[in-house]
Amino acid sequence: MIETDDLHFRHGDDPVLEGVNFEARTGDVTVIFGRNGAGKSTLLRHFNGLFEPDSGTVFVGDEPVEYDDASLADLRMRVGLVFQNPDDQIVAPTVEQDVEFGPRNAGIDNPDRIERVLSEFDLDERTDRLCNTLSGGEKKRVSLAGVLAMEPEYVLLDEPTAGLDGDGCRTIVRFVESLTDAGITPIIATHDVGFGLTVADTVTVLEDGVIDYRGETLSQPLAERYGLRNYVFETWTSPAE
Ligand SMILES: Nc1ncnc2c1ncn2[C@@H]1O[C@H](COP(=O)(O)OP(=O)(O)OP(=O)(O)O)[C@@H](O)[C@H]1O
């Protein structure tokens, strides 16, 4: 379980989180919706200690997060964060070097694990490719593989469908399912309602600095009230062939 108790955080003088009480149950897919600038990425970054709250507490697996270097290193092995933009995540020149970077940095030498993850993400034919020559969708797969190579307990996904085509989005849906099958708990920040409702067990909405809504799904009127992007599939009719 990841939980927060009365979390407050400012970026400079701007209050972003103003008393967030959040809960993601182990084994559930928890989706955080919210309009642009609501603070979704800021909240996610509290779950792996990238940001430290001004006040309030983050709990991971019932233990309060501590912010000394050793505790943070341990936390980041347990809680993997997939950034919205893979370029913010990819650190090594080639695909294989990047995927093995995290485990190697943590002192784990496990070539079988790396090989398995590369194959899982269909990257085994591209191990020596320079990351900066990959397409956006391929870079996304490298960044997902790099996080999974750490064998985390929780995976935080920040706008995972941004910039992906239909196939890419379906890959992300399957990826989320594979996480829960493997006993890993995903927490996802998105304003992509179609994607979020497809994968969510629990839906939360961050609005005006607090969790304003929590439920199993989200109605269309509520999605509109929260300014969320919506899709037209239900009313979409194909032109006559
Ligand atoms: N490093 C930073 N320094 C200063 N302000 C920041 C920083 N990061 C985010 N902010 C501000 O904090 C607020 C919340 O940003 P955040 O990225 O967490 O929102 P979000 O809900 O993820 O937005 P989006 O849907 O547009 O990605 C915004 O007003 C943003 O401008």
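**Close-up A. Buried residues of helix α3 in the predicted model.** Here we're looking at helix α3, residues 95-105, where Val95, Glu96, Asp98, Val99, Glu100, Gly102 and Pro103 are buried. What do the buried residues of α3 pack against? They sit against two other helices, α4 (111-120) and α5 (136-148). Once α3 is done, look for Gly107, which follows the helix and has a positive phi, near 80°.

**Close-up B. The shell around the ligand.** Zoom in on the ligand and you'll find it surrounded by His11, Gly12, Val16, Gly34, Asn36, Gly37, Ala38, Gly39, Lys40, Ser41, Thr42 and His191. Which helix gives the largest share of this shell? That's α1 (residues 40-47), with 3 residues. Sorted by class, the shell has 9 polar residues, 2 nonpolar ones and 1 charged one.

**Close-up C. Ala24 and its contacts.** Ala24 is part of strand β3, which covers residues 23-24. Why does Ala24 count as buried? Because it has 25 C-beta neighbours inside 10 Å, and the cut-off for buried is 20 or more. Setting aside neighbours within four places in sequence, Ala24 is in contact with Met1, Ile2, Thr30, Thr185 and Ile187.

**Close-up D. From Ala24 to Leu72.** This view takes in Ala24 together with Leu72, a residue 48 places away in sequence. In space, the two are 20 Å apart, going from C-alpha to C-alpha.

Note on methods:
Residues numbered from 1 in each chain as written. Predicted model: local features only at pLDDT ≥ 70, side-chain atom pairs only at ≥ 80, totals over all residues. Near = placed C-beta within 6 Å. Helix = DSSP H or I, 4+ residues; strand = E, 2+ residues; numbered from the N terminus. Nonpolar A, V, L, I, M, F, W, Y, C, P; charged D, E, K, R; others polar. Buried ≥ 20, exposed ≤ 12 C-beta atoms within 10 Å, placed from the backbone. Contact = placed C-beta atoms within 7 Å.
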